[in-house]
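Open the model in your viewer and keep the sequence panel beside it. The tour goes from one selection to the next.

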Amino acid sequence: MTKIIPLHPASIKLQINLENMPFPIYRKVVIPADITMSELHLIIQVAMGWEDCHLFQFSDKKERPKITAQREMEGDDFWGSPHGDTYDADELFLIEFLKHTDGKTFWYWYDFGDDWWHKISIQKVTQKDLDEFVGETPVCTEAAGLCPPEDSGGPWGFANLVEAINEPKHPEYKTYREWLGIKGKKKIDFEKVDIDAINDNLDLLWNAWIDEEGDE
């Protein structure tokens, strides 16, 4: 039986795990409770290191979901799930979405071609988390692993990139390094992540939202 974590009234802590990676890639973030699923999408994009180049979908389950949320796009043939209810991510709030998941884990699917699946679980908000959660700005409290480059071919393609990028004898060594713009023989440490840079970017993202709201 899955343990349901009680939600803090003003904030929620999530652990976001990128699935099927050659090493652990995850982020723990404390975020405002009163955000939409589209805003959660942007927070995940920044925290993970994605570039918001592709479509996305949230769901309560990977297979036969009962609820999904994604941004509605005019002329988009991929919309919703035949197995449950679909909501516009711009209009559905996170708290409302979580009512349908019973506080259990849920899924974030990014890029329907490369299929980057993120498993998201709700964590207990600690006093230390609240001390870092200043002014309701989203904050990353823990991180591991560099995000894969966009369009790198999903988990299999990324695993091949990781194997090749630091190995000069690999047949795709030069191809990958030229594609990523890596000069010289500098090795890439994929398991090292700059949490301060993540939080700087989250701060910029959040303040941009506030500025836009203030201009309206």
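Select D90, which is partly exposed at a relative accessible area of 41%; buried means under 20%, exposed over 50%, and partly exposed in between, with a 1.4 Å probe and protein chains only. This is a predicted model, where local features need pLDDT of at least 70, side-chain atom pairs count only at pLDDT 80 or more, and totals for chains, interfaces and linings use all residues. Residues are numbered from 1 along each chain as its sequence is written, and side-chain values use heavy atoms, leaving out hydrogens and water.

Next, select K13 and D129, a salt bridge with its closest N and O atoms 3.1 Å apart. K13 is in strand β1 (residues 11–18) and D129 in helix α3 (residues 127–132), 116 residues apart; helices (H or I, at least four residues) and strands (E, at least two) are DSSP runs, numbered from the N terminus. Are K13 and D129 buried or exposed? Both are buried.

Then select K28 and E142, whose closest N and O atoms lie 3.5 Å apart in a salt bridge. K28 is buried at 15%, while E142 is partly exposed at 31%.

Finish at helix α5 (residues 173–180), where Y173, Y176 and R177 are buried. The face turned away from this buried side carries the exposed residues K174, T175 and E178. Just after α5, G181 has a positive phi of about 70 degrees.

Technical notes
Salt bridge = Lys/Arg side-chain N within 4 Å of Asp/Glu carboxyl O.
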